[in-house]
Amino acid sequence: MSTTATQTHVTVKSPDQMQELGRRLAALLRPGDLVLLTGELGAGKTTLTRGLGEGLGVRGAVTSPTFVIARVHPPLSGGPALVHVDAYRLGGGLDEMEDLDLDVSLPDSVVVVEWGDGKVEELSDDRLHVVIERAVGADAPDPLDTALGSDVDDVREVTVTGIGARWADAGVPELAAG
């Protein structure tokens, strides 16, 4: 049974910072890693994945795979491919996901699944779950920050949780220091 190994929280104040968080997160990833992204429409899941792609050094522009459901971005060098999946339009769990052959891709790739919560956890006991939420109430930025150029609508609270033994000492807490 999987247990939560490590968790960190990061406040992201712009799309550029979200992309940078993706680049920092990519430094922790290796072939076989499964990353689940959870957040409402427009939360920044694809922006984070774009940063992951840059950090992993993959080919092709990382864009939302909503209509094709999955895109494979091969590595430009010796790193892993990035398999970017959007499970938003998929209703069932692994039954529907099996058609994508993610279990075949997983050992040699980094698989990132947007809207995968409750659908793909069975692929791996070890996974990274990234939850992106808009900052509200006490978590919202100070009005002075807004006056200095931070747009309240861009602020996100990101929670990164490493689940399973793979993430016990993988450096997830250091993401908050970036």
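The model is predicted: local features need pLDDT of at least 70 and side-chain atom pairs count only at pLDDT 80 or more, while totals for chains, interfaces and linings use all residues. Residues are numbered from 1 along each chain as its sequence is written, and side-chain values use heavy atoms, with hydrogens and water left out.

Helices (H or I, at least four residues) and strands (E, at least two) are DSSP runs numbered from the N terminus. Helix H2 covers residues 45–56 and spans 16 Å from its first C-alpha to its last, close to the 16 Å expected at 1.5 Å a residue; the expected span is 1.5 Å times one less than the number of residues.

Of the 12 residues in H2, 9 are buried, meaning under 20% relative accessible area with a 1.4 Å probe, protein chains only. Among them are Leu48, Leu52 and Leu56. The elements that the buried residues of H2 pack against are tabulated here.

| Element | Residues |
|---|---|
| Helix H1 | 15–26 |
| Strand E2 | 34–38 |
| Strand E4 | 81–86 |
| Strand E5 | 109–114 |
| Strand E6 | 127–134 |

Threonine 49 lies in H2 and counts as buried because its relative accessibility is 0%. Leaving aside residues up to four places away in sequence, threonine 49 touches Leu37, Val62, Leu82, His84, Val112 and Glu114, a contact being heavy atoms within 4.5 Å. The side chain of threonine 49 also reaches the backbone oxygen of lysine 45 at 2.9 Å.

Definitions and conventions:
Buried < 20%, exposed > 50% of the residue type's maximum accessible area, 1.4 Å probe, protein only. Polar contact = N/O pair within 3.5 Å; in protein donor to acceptor, adjacent residues only side chain to side chain.
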